[in-house]
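Here is a short note for a colleague opening this model for the first time. Please read it with the structure in view.

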Amino acid sequence: MKEFFNNKYTQGEFELGSNSICYSCPSNIALIKYWGKKETQLPRNPSLGFSLEDARTTTKLKYSKRGRPWDDSPDLKFYFEGSQNQSFAMKVSGFITKASEYLPFLRWLDFEFDSSNSFPHSSGMASSASAMSAIALIFVDIENQLFNLDQNQDVIRKKASALARIGSGSACRSLLPHFSVWGETPEYEGSSDLFAIDIDKQVHQDFMDICDSVVIVSSQVKSVSSSHGHKLMDQHPFAENRYLQARENLSKLKGHLKKGDWVGFGELIELEALTLHGLMMSSSPSYTLLRPLSLEIIEELKNFRTKTNCDIYFTLDAGPNIHLIYPHKEKENLLVFLRSLNLSCDVHHDHLGSGPKKLVVTNG
Ligand code: DP6
């Protein structure tokens with residue numbers, strides 16, 4: 001990883017007044033799940049997912065050079081939607097400390113972050129992926145500017161993906177538009193445990209208008225942190241079989257994505273989603289994150305599919321919310337289905353995303 005960054009700038013050999021930079025990064029949803037990791041977020045199996053367009057974190061950083069480098073942890077302020085947020089400040093501080101091993105110039109900076117989400121904070125959709133990926137991209141872009149590295153967008157995103165991974169594993173997929181794979185696999189040339197790669201060339205056109213409508217079954221903060229969840233896999237009796245199954249599923253999903261086979265795709269992503277929850281339910285201690293309403297929606301979706309033959313499927317992350325996945329041409333059916341559920345909860349409609357965006361900073 002250090003060689004990958006190849007950073008020779010260990011001292012404060014750069015000039016800087018104070019400056020600002022702003023990025024918006026998307027959330028992403030996994031279809032083949034990352035569940036189980038080694039140190040520094042090296043995945044036990046490859047995962048595959050896609051970036052969303054509208055669920056984003058926008059983060060602005062004001063930074064200035066210090067007289068001497070900080071020692072243990074950086075001096076930083078973190079504002080989330082206008083208010084100081086101590087718990088996020090601590091997470092970001094830990095991330096910067098780790099990131100400074102690869103980008104030593106960070107030790108010469110003071111930080112003031114201003115961050116907001118495009119989705120309501122109370123939606124239960126808050127993800128560390130969009131937040132960490134935006135910060136990682138900001139750092140790699142600053143490095144590029146400070147040291148005139150002249151790296152192109154692809155190199156910047158690849159480095160940012162590797163850096164984001166250190167903050168939160170799944171964040172590395174948020175640096176890429178559309179579909180991506182993270183984790184070394186013979187299925188995709190150039191794949192790596194260190195960063196995510198773009199796999200769009202191996203995805204049929206029929207998946208390029210994929211949509212994700214998230215039914216917010218519960219807006220509560222997750223009762224199990226992902227990090228704790230991954231740890232449960234270390235002692236899990238099914239762990240080794242799960243890692244094998246994930247590899248097989250990835251290979252099958254690759255075939256469905258290539259052929260444009262929505263039915264094969266749907267069966268497989270639902271199996272992955274339920275496997276993730278099956279693993280949590282059979283962990284020690286065990287967790288049941290699905291709510292009665294989550295199960296009801298899944299059952300109703302199966303009935304609706306039998307009746308209408310539509311291509312609407314579900315996936316889940318480590319929580320109770322249902323991600324309804326479908327091609328855009330099924331939007332009308334999706335709305336009919338949602339109406340039939342007569343829900344009182346919010347639905348966030350989203351679709352395949354164009355990736356990170358650099359935004360112009362207007363007020364310094
Ligand atoms: C179920 O990336 O949030 O969403 O690396 O500990 O930060 P850490 O975990 P995180 O785990 C995501 C788990 C998942 C599946 C996935 O996104 O692949």
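1. **Ground rules.** This is a predicted model, in which local features need pLDDT of at least 70, side-chain atom pairs count only at pLDDT 80 or more, and totals for chains, interfaces and linings use all residues. Residues are numbered from 1 along each chain as its sequence is written, and side-chain values use heavy atoms, with hydrogens and water left out.

2. **Two domains.** The chain splits into domain 1 (2-199) and domain 2 (203-351). These bounds come from an automatic or database domain assignment. Taken over C-alpha atoms, the two centres are 26 Å apart.

3. **The interface.** Contact here means heavy atoms within 4.5 Å. By that rule, 30 residues of domain 1 touch 44 residues of domain 2. The domains bury about 3300 Å² between them, 67% of it on carbon and sulfur atoms. In domain 1, the residues that lose the most area to domain 2 are Leu31, Lys33 and Trp35, together 25% of what that side buries. Buried area is the accessible area (1.4 Å probe) that two parts lose on being put together, summed over both.

4. The rule finds one salt bridge across the interface; it asks for a side-chain nitrogen of Lys or Arg within 4 Å of a carboxyl oxygen of Asp or Glu. Glu187 and Lys254 form a salt bridge, with their closest N and O atoms 3.6 Å apart.

5. **The ligand site.** How many residues surround the ligand? There are 15, and the closest are Tyr34, Ser168, Gly169, Ser170 and Arg173. Near means a heavy atom within 4 Å. A side-chain N or O atom of Ser168 is 2.7 Å from a ligand oxygen. For Gly169, a polar backbone atom is 2.7 Å from an oxygen of the ligand. Ser170 places a polar side-chain atom 2.7 Å from a ligand oxygen.

6. **Backbone details to check.** Ser284 and Pro285 are joined by a cis peptide bond, with omega about 0°. Thr40 is a residue other than glycine with a positive phi, near 45°.

How values were computed: A polar contact is a pair of N or O atoms within 3.5 Å; within protein, one must be able to donate a hydrogen and the other to accept it, and residues adjacent in sequence count only if both atoms are side-chain atoms.
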